[in-house]
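Let's take a friendly walk through this protein, with the sequence and the model side by side. Please have both in view before reading on.

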Amino acid sequence: MNEFLIDKRQVRRAFSRAAEHYDAAAVLQREVCTRMLERLDCIKLQPGRIVDVGCGTGWGTRQLMQRYPASQMIALDIAIGMLQLTRGQTGWWQKLFGGSKQPMPLCADVEALPLAAQSTDMIWSNLTVQWCNDLPAAFRELHRALKVGGLLMFSTFGPDTLKELRYAFQGVDGYNHVNRFADMHDVGDMLVGAGFADPVMEMEILTLTYDDVRAVLQDLKSIGAHNVTAGRQPGLMGKQVWQRMTAQYETLRRDGKLPATFEIVYGHAWKVPPKKTAGGAQIIQTPFKL
């Protein structure tokens, strides 16, 4: 069994349960979304249709609607609870700022998009693709759905995310407690392998601080981002495991606070016409490493 295999049923359940309180806790998600929006300032594109993959409660969806008021917006999420909240949030936002369009809600998994080939001009995804079990296949799905000339812009977590929590759990039991995240360079290779042209990858480290370990775990639970891998502990954490874990985390306390590191990976890439030989045969580009 792959201990890092993500249980999608648990993902749906966790995010649906977290929907009501998500916005109050999703400080990191909004900050990353804002930084992604700033990157759009350098991109000249007027998309006819945008798909927000992993829209959550729709905060980013609303920002995109304001930036591209003429575009058709599809708000896609795996959790029905998130989509229900998205519709309600979008309704009051439209009354406040004007406009008659509403995003089309679509409950679906990014690894199996119910979208026609070449049906959208831009795919936006903020901190979602880390929930994929087969990221190369997910990128192929996104490439399939984009029109030629279309843009994929996304963010995800890198390997150093929650490194303190991973350290704290090291050796305390035989279970997996933290999801595994792909390296930025590997993600770039996956994009090329999926058919995207000249992907641009960036990375930065953001650190949140907490008063205690319980607050770290509660924050993750509040946004539905707790451990849902196959190798997770099936029941409640025992007292001894909790004590050993918190003791190890406490060794990282600095200036009275406990840090939680998030490695943020940003990427964008374009779908271009396939390259062909002089005889008309399509060239398949495969990434390789020396």
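This is a predicted model: local features need pLDDT of at least 70, side-chain atom pairs count only at pLDDT 80 or more; totals for chains, interfaces and linings use all residues.

**Salt bridges**

The structure contains 11 salt bridges. Three of them are set out here.

| Pair | N to O distance | Accessibility of each partner |
| Lys-8 and Glu-111 | 2.5 Å | Lys-8 14%, Glu-111 22% |
| Arg-67 and Asp-41 | 3.0 Å | Arg-67 33%, Asp-41 55% |
| Glu-141 and Arg-144 | 2.8 Å | Glu-141 15%, Arg-144 27% |

In the pair of Lys-8 and Glu-111, the side chains meet at 2.5 Å. Lys-8 belongs to helix 1 and Glu-111 to the loop between strand 3 and strand 4, so this bridge ties together parts 103 residues apart in sequence. Lys-8 is buried at 14% relative accessibility, while Glu-111 is partly exposed at 22%. Asp-109 joins Lys-8 and Glu-111 in a network of salt bridges.

The bridge between Arg-67 and Asp-41 also links distant parts of the chain: Arg-67 sits in helix 3 and Asp-41 in the loop between helix 2 and strand 1, 26 residues apart. Arg-67 is partly exposed, whereas Asp-41 counts as exposed.

**Helix 5**

Glu-141 and Arg-144 both lie in helix 5, 3 residues apart, or about one turn of the helix. Glu-141 is buried and Arg-144 partly exposed. Other buried residues of helix 5 include Leu-135, Phe-139, Leu-142 and His-143. What do the buried residues of helix 5 pack against? Their partners are strands 1, 4, 5, 6 and 7, together with helix 7. At the start of helix 5, a side-chain oxygen of Asp-134 comes to within 3.2 Å of the backbone nitrogen of Ala-137.

**Cavities**

There are 2 cavities of 30 Å³ or more. The largest holds about 60 Å³ of space, and among its lining residues are Val-27, Leu-28, Tyr-210, Ile-223 and Phe-262. Helix 2 gives the largest share of this lining, 3 residues, and strand 6 and helix 8 each supply at least two. By class, the lining has 8 nonpolar, 1 polar and 1 charged residues.

The second largest cavity has a volume of about 30 Å³. Its lining includes Met-36, Arg-39, Met-153, Glu-202 and His-268. Helix 2, strand 5 and strand 7 give two or more residues to that lining, with the largest share, 3 residues, coming from strand 7. The residues there divide into 4 nonpolar, 2 polar and 2 charged.

Terms used. Residues are numbered from 1 along each chain as its sequence is written. Side-chain values use heavy atoms; hydrogens and water are left out. Buried means under 20% relative accessible area, exposed over 50%, partly exposed in between (1.4 Å probe, protein chains only). Helices (H or I, at least four residues) and strands (E, at least two) are DSSP runs, numbered from the N terminus. Contact means heavy atoms within 4.5 Å. A polar contact is a pair of N or O atoms within 3.5 Å; within protein, one must be able to donate a hydrogen and the other to accept it, and residues adjacent in sequence count only if both atoms are side-chain atoms. On a 1 Å grid over the protein atoms alone, a cavity is a set of points where a 1.4 Å probe fits but cannot get out, and a pocket is an open set with protein on both sides within 12 Å along at least five of seven lines; lining residues have an atom within 4 Å of a point. Grid points are joined across faces, edges and corners, and a volume is the space filled by probe spheres set on the points. Ala, Val, Leu, Ile, Met, Phe, Trp, Tyr, Cys and Pro count as nonpolar, Asp, Glu, Lys and Arg as charged, and the others, Gly among them, as polar. A salt bridge is a side-chain nitrogen of Lys or Arg within 4 Å of a carboxyl oxygen of Asp or Glu.
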